[in-house]
Structure formats: C-alpha cells, structure tokens
Amino acid sequence: HVRSTSMHRTLKAHVLHPPGRPGGLPTFYMLPGAGGAEDGISWYNHGGVRQFFAGKRVNVVLPIGGRFSMMTDWQHDDPILGRNKWQTYFTRELPNAIDRTFRTSGANALGGVSMSAGPALDLAIQAPNRFRAVASYSGCPGTTDQLGSTAATAIPLRGGANPYNMWGPPGSPAWARHDPVLNAGKLRGKTIFLSAGSGIPGPIDGSPLAIVGGFFGGDILEGISLACTANMSRKLKSLGIAHRFNVRPDGSHSWGLFSADLRTSWPMIARAIGA
C-alpha cells in the first residue's frame, strides 16, 4: 500500500522480490494496460511474471491503478476518473516508497504494455534520471500523429472520461510535450526495447481467451500497435539512438505475445540495471 499525496488516496501494488527481501537490488516497474489492473487483467494475473522472475535478483513492482488515464498527470480532475496524477506517482511517489521500503540500489527500469506502452516512454523522458531502461510492449507511442492522437483520445473515452481534461484539446502544447516520438532525442543513453506483433493470430497467442479484446479486435489492436511502434523506431533510428525493435511474424494483442516479448527484453533490461 502506497499513499499518493498528489491524488489523496492509497494505492496498491504487487511487489515480487527474492526471499528474505535482500537490500541493494534494482527495480523493474511494470505498468498495467487500459484497465489499470483494477479489472484483474494484469502482468501479475496473466503475464506469468511470478514464475519468470522467481529466483532473479530484482524487485519487480506491478502497480494497480491508472485505468484509462494514459498514466499521465491530468490538467483537470475528471467527473468519472477523478484526480489523475500518474506521472507524479510513477516517477516520484511510488519509487520513493519502494526505495525506502526495500532498500534498493536505486537503479530502475520501466515497462508498459498496451495502453501504458507509449506512456512508459513518455515517463522515461519526463523523469530522465529515474529510469535507465524502458520497454514498450504492443502499444502506440506518439500522441500528435493521426494514429497516436486517435488512440490517446479513444482510451479515456472508453473509460467514460473527457480526454480534454487530460492535456486540453488535441493540438494543445501538452500533447506535444508528452509525445515520445517528438521527444525521442531525450531517450538517448537509455536502454530501449520496443515490440509488436504483426496482428495475425498465431501459436504465440496461446488460448484465444488470452487475446485482449477477445476474438474480435485483438488483430486490429496489434496492427495499430505495430504501425505506431514502427514509427517510434524510425524516429530513434533517424536520430542514431540505439534500440531494439522486436517484430514478430504472428501475434495478436495477447498475453502470450506480451509474455514472450518480456522474456526477449529481459536480458538487455537486466544488464542496464545490474540485475
């Protein structure tokens, strides 16, 4: 349980750590998707993280909260979602509490999936000294191009919120300030992992029940993710910024795909934070 003074509420997070809670370990923050893990859909419940990180020398923090918020600080409170100060929470309040409680090394990485994939890149840009590595799994980096703006508007709307309460109307200066593509140069020096599937369902997805969006929509969502993420990769490449872009020939918007890409990304993330 972590108290957020910026949002005036106490929030929960799962924390995975080695037996005995040894100090001096790095931390990997793994943000949830559109439901904020408040709907029970999460890395913890569906991503196999408990098994994967068992025995690894790292603290893994799996926050609960932030549904339909784009994991950012909103300019105005929303009648449906209330007060959203997620940038403040994820870059200051939560890490400070984790560092203090678990006596960490202070070396951090951040990963986002689906809704939180683009925001993970944005948070790494907004708090340049907080995260050494960042991973974007099957999301839509970008907030000002047509696809990115549509996605960043549609997600709050899906939660019944007013997206104008977030950064103002699309085209307002804050939308550009939170665009990872426009601000990609600020990621220089960090370890960066991007991933997306083709959108074609395949064996990597596992059970159809694991596809986010159900039988209809997972292919479309992943196709959008691939287009958005490819745009981010092109921008990084044009700036000469090293990164890995993992594109799979199959894969719908599913936990099978997300889990496979987590495993692919982990060695480079681990090196970056000393895990």
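Me: Which elements are included in what covers the buried residues of helix H3?
Reply: In this predicted model, helix H3 spans residues 86-102. Twelve of its 17 residues are buried, so the helix is largely enclosed by the rest of the structure. The buried residues include Trp86, Phe90, Leu94 and Phe102. The cover over the buried residues of H3 includes strands S1, S2, S3 (27-31) and S4, together with helix H4 (117-126).

Me: Where in helix H3 does the kink lie?
Reply: The kink in H3 amounts to about 30 degrees. Its position is shortly before the proline Pro95, and Pro95 is itself one of the buried residues of the helix. The residue at the kink is Leu94.

Me: What is the geometry of the aromatic pair of Trp86 and Tyr89?
Reply: Trp86 and Tyr89 lie three residues apart in H3, and are therefore separated by about one helical turn. Both are buried. Their ring centres are 5.7 Å apart and the angle between the planes is 90 degrees, a geometry classed as edge-to-face.

Me: How is the pair of Phe28 and Trp266 classed: stacked, edge-to-face or tilted?
Reply: The structure holds 13 aromatic pairs. In the pair of Phe28 and Trp266, the centres are 5.8 Å apart and the planes meet at 35 degrees. Planes under 30 degrees apart would count as stacked and those over 60 as edge-to-face. The angle falls in the remaining class, so the pair is tilted.

Me: How many residues apart are Phe28 and Trp266 in the chain?
Reply: Phe28 belongs to strand S3 and Trp266 to helix H9 (residues 255-273), so defined as DSSP runs. Phe28 is buried, with a relative accessible area of 0%, and Trp266 is buried as well, at 8%.

Me: Which residue in S4 is the bridge partner of Ala13?
Reply: Strand S2 (residues 9-16) pairs with strand S4 (residues 59-64) over five bridges in the antiparallel sense. Within this pairing, the partner of Ala13 is Pro63.

Me: Which residue in the turn between S1 and S2 has a positive phi?
Reply: Strand S1 (residues 2-4) runs antiparallel to S2 and is joined to it by three bridges, with Val2 standing opposite Leu11. The two strands form a hairpin with four residues between them. The turn residue with a positive phi, about 55 degrees, is His8.

Me: At what distance from the ring centre of Phe52 does the charged end of Lys56 sit?
Reply: Arg50 lies over the face of Tyr44, at 4.1 Å from the ring centre. The charged end of Lys56 sits over the ring of Phe52, and its distance from the centre is 4.1 Å.

Me: What is the radius of gyration of the protein chain?
Reply: The chain comprises nine helices and eight strands, and 57% of its 275 residues count as buried. Its C-alpha atoms fill a box of roughly 50 × 45 × 40 Å along the principal axes. A compact globule with 275 residues would have a radius of gyration near 19 Å, with which the chain agrees; its value is 17 Å.

Terms used:
Residues are numbered from 1 along each chain as its sequence is written. This is a predicted model: local features need pLDDT of at least 70, side-chain atom pairs count only at pLDDT 80 or more; totals for chains, interfaces and linings use all residues. Side-chain values use heavy atoms; hydrogens and water are left out. Two strands pair if DSSP finds at least two bridges between them. The bend at a residue is the angle between axes fitted to the seven residues ending there and the seven starting there. Buried means under 20% relative accessible area, exposed over 50%, partly exposed in between (1.4 Å probe, protein chains only). Contact means heavy atoms within 4.5 Å. Rings of Phe, Tyr and Trp (its six-membered ring) pair if their centres lie within 6.5 Å; planes under 30 degrees apart count as stacked, over 60 as edge-to-face and the rest as tilted. A charge sits over a ring if NZ of Lys or CZ of Arg is within 6 Å of the ring centre and within 35 degrees of the ring normal. The radius of gyration is taken over C-alpha atoms; the globule rule is 2.2 Å times the number of residues to the power 0.38.
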